[in-house]
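Dear colleague,

Please find the structure we discussed below. A summary of the findings follows it.

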Amino acid sequence: MHDVVIIGGGISAHTAALYTARANLKPLVLTGPDLDQLSLTTTVENYPGFPDGVQGPDLVDNAKKQAQKFGAEYKTGLVESVTKKDNHYVLTVKDTTYEARTVIICTGASARLLKIPGEQEYFGKGVSTCAVCDAALYHDKIAVVVGGGDSAMEESLALYKFAKKVIIIHRKDTFRASKIMQERIKKLTDKIEIIWDTTVTEVTGDGKFVTGVKTKNLKTNKEETIACDGMFLAIGHIPNTGFLNNITLDEHKYIITDKKSHTNLEGVYAAGDCQDSVFKQAVTSAGTGCQAAIEAERYIEHLQASGEYK
Ligand code: NDP
């Protein structure tokens, strides 16, 4: 029986592991096969404490090493279910089960991709899912943003500060983003161009970096190649919560937590992007990982004090 099992392998999971390890709870971290969002990015310039920036993969690796230094144990395994049994939880990974008094879910959210030729090949070499992370690299360059929601508007605003030109490509003739964000974008005609009713069909490059995107107008079927240095995908995120049965999710499948990272189940907490549809920042992920860990520690203390710790 573990005091704490943490599900995930991103910065929120490592932070929760660090805090619970330092609280002597010997956390077990079960990490799935997919890389976390930070490991997919390059330079992170907005994580406090790194005035020269830090590589996303290094940040995550170091957080993991820090947690391991204090005794966190890591295993690879995709958790398939979390079920309540008496006053603890049973987690299944293929044929193995783990029992835990508390569970911290840090499974993240995966950026939706277009699944078009060149997208994977140039991921991290011009194709990105985070303008907030990469915008500063686009000084005097041309960036394409795909999408018509608030994320696309935000990504475009972030890029506008640096890029020579931002081209928003949207599959409809109206944005679904909030009015205020749309208005802000539409005013910036000096550097922002909007291409409506159009999808991106291919990312092209020179073998090293992106050099353009191929597009197709959905009304006229006209195909074009647009020269650019990068393509930012802002077509939504998919929270990795599909394996959860008894946890309350919102309409977009994000886990609903309270201000203390509690889910609807006693002793089960959630942190990072799987419960955050708004901020999705490395530092907020780490912050909620810390909150969840402290609450898990308090819950264990409560079990011990009330004689329910078995
Ligand atoms: P949304 O789901 O709101 O928007 C996704 C956009 O991507 C839509 O315009 C959609 O097109 C388009 N899209 C989806 N799939 C494809 C595809 N396969 N090909 C081309 N285009 C596609 O996601 P967001 O991430 O923008 O926002 C998620 C939530 O987070 C929203 O509730 C939003 O308000 C919120 N948010 C709030 C922010 C803020 O308040 N500052 C900032 C960012 C997000 P279509 O319109 O045709 O469906």
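Which domains does the domain assignment of the chain give? In this predicted model, the assignment gives domain 1, made up of 2-110 + 237-306, and domain 2, which covers 113-233. The centres of the two domains, taken over C-alpha atoms, are 32 Å apart.

Regarding the contact between the domains, domain 1 contributes eight residues and domain 2 contributes eight residues. About 630 Å² of area is buried between domain 1 and domain 2, and carbon and sulfur atoms give 44% of that area. On the side of domain 1, the residues that lose the most area to domain 2 are L40, T42 and E45, which together account for 42% of what that side buries. Between the two domains there are zero salt bridges and zero residue pairs in polar contact, counting pairs with both residues at pLDDT 80 or more. The side of domain 1 that touches domain 2 consists of one nonpolar, six polar and one charged residues.

The ligand is the second topic. How many residues surround the ligand? There are 15, and the closest are D150, S151, R171, K172 and R176. By class, this shell holds three nonpolar, seven polar and five charged residues.

- S151: an N or O atom in the side chain is 2.5 Å from a ligand oxygen.
- G149: a polar backbone atom is 3.4 Å from a ligand oxygen.
- S277: a polar backbone atom is 3.4 Å from a ligand oxygen.

On its own, the ligand has 920 Å² of accessible area, of which the protein covers 74%.

With kind regards

Notes: Residues are numbered from 1 along each chain as its sequence is written. This is a predicted model: local features need pLDDT of at least 70, side-chain atom pairs count only at pLDDT 80 or more; totals for chains, interfaces and linings use all residues. Side-chain values use heavy atoms; hydrogens and water are left out. Domain bounds come from an automatic or database domain assignment. Contact means heavy atoms within 4.5 Å. Buried area is the accessible area (1.4 Å probe) that two parts lose on being put together, summed over both. A salt bridge is a side-chain nitrogen of Lys or Arg within 4 Å of a carboxyl oxygen of Asp or Glu. A polar contact is a pair of N or O atoms within 3.5 Å; within protein, one must be able to donate a hydrogen and the other to accept it, and residues adjacent in sequence count only if both atoms are side-chain atoms. Ala, Val, Leu, Ile, Met, Phe, Trp, Tyr, Cys and Pro count as nonpolar, Asp, Glu, Lys and Arg as charged, and the others, Gly among them, as polar. A residue is near a molecule or strand if one of its heavy atoms lies within 4 Å of it. Accessible areas come from the Shrake-Rupley method with a 1.4 Å probe; for residues, only the protein chains shown count as cover.
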